[in-house]
Amino acid sequence: MSTVLRYSDNYASYELSLEGQIICAVVAGAIGDSFSRRYNNDFRLLMDQLSPGAWGHFGDFRNCEALSKEAQQASKSLHEEAKNKGCIVSAFQMDSALLKSQVNSIRVDKELPVLASQRFFATKSAALAFIEVFLSSA
């Protein structure tokens, strides 16, 4: 049985799920403080369900606008926690130049690789295939 967690408020929505050793996120809208706290809590619930060892993250952020300052801080905290719990690879669908810049800033702050072109994919299946190959060779 797979776990799917969903939430929406007046400005944004998300769906989080597990696909093997990959946490998948689909996020839309403008991300604020209370939304990001809820997202982080649900993301942690999924991290706790992963088998021990390395895992990956897929994010479909094509319909995500940007992060408030508070949401950026919450994201930094979650990135650090995910890294410490075994997340070794991420792949994305993302269109917003502002969001790409914000995510890269967070990743630099947490000493993670910046988002380069090889981490962006046209389809979810291509992103998941990239993550699975990365995990199998780790």
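The questions below ask how terms are applied to this predicted model.

The model is predicted, so local features need pLDDT of at least 70 and side-chain atom pairs count only at pLDDT 80 or more, while totals for chains, interfaces and linings use all residues. Residues are numbered from 1 along each chain as its sequence is written, and side-chain values use heavy atoms, with hydrogens and water left out.

Q: What makes strand 5 (residues 87-94) largely enclosed by the rest of the structure?
A: Buried means under 20% relative accessible area, against over 50% for exposed and partly exposed in between (1.4 Å probe, protein chains only). Seven of the eight residues of strand 5 are buried, so the strand is largely enclosed. Strands here are DSSP runs of E of at least two residues, and helices are runs of H or I of at least four, numbered from the N terminus.

Q: How do you know that strand 4 (residues 55-67) pairs with strand 5?
A: Pairing requires at least two DSSP bridges between two strands. Seven bridges join strand 4 to strand 5, and the two run parallel. One of the bridge partners in strand 5 is A91, which stands against F58.

Q: Why is the crossover from strand 4 to strand 5 called right-handed?
A: With the strands pointing away from the viewer, a right-handed crossover runs clockwise from the first strand over the helix to the second. The β-α-β path from strand 4 through helix 2 (residues 69-84) to strand 5 is of this right-handed kind.

Q: What makes strand 1 (4-8) and strand 5 the edge strands?
A: The open sheet has five strands in the order 1-2-3-4-5, with mixed pairing. Strand 1 and strand 5 each pair on one side only.

Q: What makes the T3 and Q49 side chains a polar contact?
A: A polar contact is a pair of N or O atoms within 3.5 Å; within protein, one must be able to donate a hydrogen and the other to accept it, and residues adjacent in sequence count only if both atoms are side-chain atoms. The T3 and Q49 side chains make such a contact at 2.9 Å. T3 lies in the segment before strand 1.
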